[in-house]
Amino acid sequence: MLSKNLKIYNTLSRQKELFEPLRPPHVGMYVCGPTVYGDAHLGHARAAVTFDVVYRYLSFIGYKVRYVRNITDVGHLEADSDDGEDKIAKKAKLEQLEPMEVAQQFAESYHRDMDLLNTLKPSIEPRATGHIPEQIKLVESILKEGLAYEVNGSVYFDVLKYNEKKKYGRLSGRVIEELMSGSRELDGQSEKRNPLDFALWKKASPEHLMKWDSPWSVGFPGWHLECTAMSGKYLGDHFDIHGGGMDLMFPHHECEIAQGNACNHIDPAKYWMHNNMITINGQKMGKSLGNFITLQQLFHGDHEKLEQAYSPMTIRYFILTAHYRSTLDFSNQALQAAQKGYKKLINGYRIAKRLQYTEDPEIAVQPDQVDQVNKSIEAALGSMDDDFNTAQAIGHLFNLLKKINSLYTGQLNPAVFGKETFDKMIQTYVRFLDGILGLTEEKTSNQDQLLEIILNIYSKAKTARDYKKVDEIRAALKAMGIIVKDMKHQIDWAYEE
Ligand SMILES: [Zn+2]
């Protein structure tokens with residue numbers, strides 16, 4: 001069942017549009033992934049969770065999604081400019097590592113954190129350095145179209161010339177004249193004809209670490225080019241959804257649109273989606289502000305701004321409690337509320353999975369109960385159809401949770417819903433949580449702690465000469481493959497050999 005009601009806010013048109021994929025039931029989605037030179041933080045988490053839910057929901061309503069999310073391991077220069085140092089190469093120099101060691105280390109830590117947040121792996125996760133020939137081809141094709149120029153071994157995109165044919169700035173709503181007046185004058189050192197031009201290929205200085213042969217120089221590709229190359233290769237020149245954080249809208253996505261149009265005379269994607277940013281106590285997050293908190297620090301409570309540790313599912317739930325296009329403000333208070341909310345929902349999940357329907361001839365189906373459940377289910381799905389409004393969907397899930405809790409405590413009899421509605425309610429609740437929202441149960445206690453508690457009870461039973469209980473405990477643990485080691489000086493346990 002492909003939903004015909006899904007609406008997506010398209011940044012390009014600034015309105016919600018009915019989602020009509022180009023080649024149903026297939027959907028192609030490209031999301032800008034991390035530049036791997038540091039640990040992942042809340043901003044990474046928000047982008048990853050946002051598009052994870054898009055991916056999950058599209059799959060849930062029946063689409064076959066090819067989800068491509070890249071890893072930027074070259075070409076992303078400091079301050080997103082064309083002249084700074086490469087972010088990864090800079091880190092490599094500082095730590096005396098190979099750039100590929102830096103990329104490997106932080107790609108792995110990114111994956112670890114995203115796994116903890118229960119984001120599904122993309123279908124393809126291409127890397128910029130693995131697509132240099134494709135990027136060189138694009139530069140050649142843009143040069144052939146007359147929309148780029150070469151200076152001293154570097155190649156720049158000619159924004160003004162492109163703007164004569166296709167408007168530059170459509171996505172971010174920027175007007176070229178304003179951009180021109182707002183940009184700094186070229187200082188005479190620059191190779192660019194115009195300050196708005198951006199690099200497609202940069203000639204590398206001798207000390208530059210990552211460089212490749214090209215028809216123009218030994219150099220490296222401009223940052224924006226990789227996404228055009230990789231989305232084109234895996235999804236085609238015109239695909240369904242392009243996503244990323246709002247900070248990427250300009251210049252990165254604007255440049256992607258220009259590059260795509262220059263080569264293929266069409267916008268790369270039909271729908272452009274942007275998740276909003278996370279602020280910390282109302283402030284922008286930044287290394288210089290001392291409020292830069294990595295996910296690992298959050299998970300371990302290891303930062304002076306943190307009153308406690310917050311589990312990955314708490315963070316995930318916190319992100320989902322706001323619509324992805326709203327700003328989301330981090331504070332200890334907000335996260336503590338999120339922790340409570342998550343635990344309420346997940347306790348309901350545990351109950352729902354165990355609840356059984358029982359026929360009761362004494363009890364009649366109550367139409368108002370059936371109606372309330374159906375309305376909540378429809379509203380939850382309707383919220384997702386309304387530009388993935390997870391915040392509202394969660395509100396409707398809480399209404400279902402009330403029913404589930406009343407069934408659990410015995411205040412409501414399952415028979416008031418009738419079997420069909422009962423099953424639908426349980427299935428919707430469970431699948432919404434672990435399928436669509438990706439919220440799973442976090443088991444907090446570990447084996448060692450639990451066994452310590454049991455051995456304490458064992459020891460007390462023994463002191464009280466309650467041998468029946470002692471035997472019961474031994475037998476129950478043995479059934480789990482655990483042997484009680486009852487020694488003179490201590491009681492311990494071991495795996496059964
Ligand atoms: Zn990108």
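Modeller: Axes are lines fitted to C-alpha atoms, for helices over the stretch in contact, and angles run from 0 to 180 degrees between N-to-C directions. Helices (H or I, at least four residues) and strands (E, at least two) are DSSP runs, numbered from the N terminus. The model is predicted: local features need pLDDT of at least 70, side-chain atom pairs need 80 or more, and totals for chains, interfaces and linings use all residues. Residues count from 1 along each chain as its sequence is written, and side-chain values use heavy atoms, without hydrogens and water.

Colleague: What does helix H8 lie across?

Modeller: Helix H8 (residues 249–264) lies across strand E9 (239–245) and E10. H8 runs at about 160° to E9.

Colleague: In what order do the strands of the open sheet come?

Modeller: E4-E3-E9-E10, with parallel pairing. Two strands pair if DSSP finds at least two bridges between them. The edge strands, E4 (64–69) and E10 (269–275), each pair on one side only.

Colleague: New topic. Which protein donors does the zinc ion have?

Modeller: Cys32 (SG), Cys227 (SG) and His252 (NE2), 2.0 to 2.2 Å from the zinc ion. Donors are N, O and S atoms within 2.8 Å of the metal (3.2 Å for Na, K and Ca); water is not among the atoms, so sites may look incomplete.

Colleague: Is Cys32 buried or exposed?

Modeller: Buried, and so is Cys227. Buried means under 20% relative accessible area, exposed over 50%, partly exposed in between (1.4 Å probe, protein chains only).

Technical notes. Contact means heavy atoms within 4.5 Å.
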